[in-house]
Amino acid sequence: MIDVNENSKLHNDYKITGFHQTYPDYFDSLGFVSEEASATGECYSLPVKWGQGKIERLLLRPGLEIIAADYKLHTRLDTIADGIIPAVELSFCLEGSAEMQSADADLRMSAGHCHLALWKDWVAAVTYHAAGQMRFLDIRMTPQVWDQFFAGDTASSLLPFSALLGSKQYRIFIKRMTPQMTAVVKAIFNCMHTGAMRKLYIEAKTVELLLQIVQEQQLGSLSIGQWSLSERSKLQKAQEILMTSLENPPSLAELAKLSGLSESRLKAGFKKMFNMTVFGYLRSQRMEHAMQLLLTGNYKTAEAALAAGYSNPSHFAAAFRKQFGMNPGAVLRTSNGRNQTKRGGS
């Protein structure tokens, strides 16, 4: 006689094994070279014809893994992503961009944004652009692991996999990464631990990211379900217009006209998609630009302030502290010190 519980366990073990084989099969189909492999994951290098860099897959526990990618493409890469095994994926993009097209959704993933995707059965065309460095982190888990995080939590009744997915085969939520999320993702990329300590550290940071996502108004600020694909595309166009005109941005009326949305829809869309006003998004991106200038060590604080749209250095410093929790002068001193160390060692 077959034990029903044992049979169920075997079935679940099979599903978990298939889940963890998804990415290795995907990388193999693309011709990626596995340089390091172990029971807890592997590290792949890109084929020379496409670019250079690495992608690491780390198995944290049965049903939970992360993919850390850091590479640069020489040419555009078009692939097919086949999600035939139910899964939950949280993706955080630090650099680069990618586009995804499926029967149910179109998405452009760009630097500074994250998404939460859930699916039962899903196929999509994914395009990675040859436009600078690509750095992103994917956290993947089975629906069972996702649900385990919220088991017994009556306050999170909307969070179980089945409730979020509903009758759909695929669903996605997107938003702008908070400074806290960015810091945690960078900490994972810069982890100095090795062996078991590294795995433990990364799993702790993974859970921290999951907590931050859930705390974003119980996913309320992530939902874009009331927006058509056309409107989402126009909102992303408006975002790109702002990103390319930080020093001389269009007015709200001009931005609405350029993106093809009404002013009211544009304002509501930014609040829903990016969890901030149009002006708030512009101000935040200007600050990010100022931070990057200061990190080079080649710009004075006053110059970074002007690039962020501030003529008053004191007002700039106050806004900078509010967003990053540090003074712009401290960032500049650290950058200068690092540059001097490099020159001294060369």
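Author: Begin with a definition: two strands pair if DSSP finds at least two bridges between them. Helices (H or I, at least four residues) and strands (E, at least two) are DSSP runs, numbered from the N terminus. Residues are numbered from 1 along each chain as its sequence is written. This is a predicted model, where local features need pLDDT of at least 70, side-chain atom pairs count only at pLDDT 80 or more, and totals for chains, interfaces and linings use all residues; side-chain values use heavy atoms, without hydrogens and water.

Reader: How many helices and strands does the chain have?

Author: The chain has 12 helices and 12 strands.

Reader: In which sense do β4 and β11 pair?

Author: Strands of a sheet pair through backbone hydrogen bonds, either parallel or antiparallel. Here, β4 and β11 (residues 133-141) are antiparallel, with nine bridges. Take two examples. Glu65 has Arg140 in β11 as its bridge partner. Lys72 is opposite Gln133 of β11.

Reader: How many bridges join β3 to β4?

Author: There are 10 bridges between β3 (residues 51-61) and β4, and these strands run antiparallel. Lys72 in β4 is the bridge partner of Gln52. So Lys72 has a partner on each side: Gln52 and Gln133, since pairing is read from DSSP bridges. The hairpin of β3 and β4 has two residues between the strands. In that turn, Gly63 has a positive phi of about 90 degrees.

Reader: What is the strand order of the open sheet of eight strands?

Author: The order is β1-β2-β3-β4-β11-β6-β9-β12, with antiparallel pairing. β1 (33-38) and β12 (170-176) are the edge strands, each pairing on one side only. On average, neighbouring strands are turned by 15 degrees against each other, direction ignored. Axes are lines fitted to C-alpha atoms, for helices over the stretch in contact, and angles run from 0 to 180 degrees between N-to-C directions.

Reader: Which helix lies across β4?

Author: Helix α4 (residues 179-189) lies across β4, β6 (87-95), β9 (113-119) and β11. The helix runs at about 90 degrees to β6. Contact means heavy atoms within 4.5 Å.

Reader: Is β4 mostly covered or mostly uncovered?

Author: Buried means under 20% relative accessible area, exposed over 50%, partly exposed in between (1.4 Å probe, protein chains only). Strand β4 (residues 64-73) is mostly covered, with eight of its 10 residues buried. For the chain of 346 residues, the buried share is 47%.

Reader: How do I read the empty space?

Author: Rolling a probe the size of a water molecule over the atoms shows where empty space is left. On a 1 Å grid over the protein atoms alone, a cavity is a set of points where a 1.4 Å probe fits but cannot get out; a pocket is an open set with protein on both sides within 12 Å along at least five of seven lines; lining residues have an atom within 4 Å of a point. Grid points are joined across faces, edges and corners, and a volume is the space filled by probe spheres set on the points.

Reader: What volume does the largest cavity have?

Author: About 110 Å³. Tyr26, Phe27, Ile55, Tyr128 and Phe136 are the closest to its centre among its 13 lining residues. α1 (4-30), β4, β5 (77-83) and β11 each give two or more lining residues. α1 gives the most, four.

Reader: And what is the volume of the largest pocket?

Author: About 1100 Å³. Its lining has 40 residues, with Leu94, Thr182, Lys186, Glu288 and Gln292 nearest the centre. α9 supplies the largest share, seven residues.
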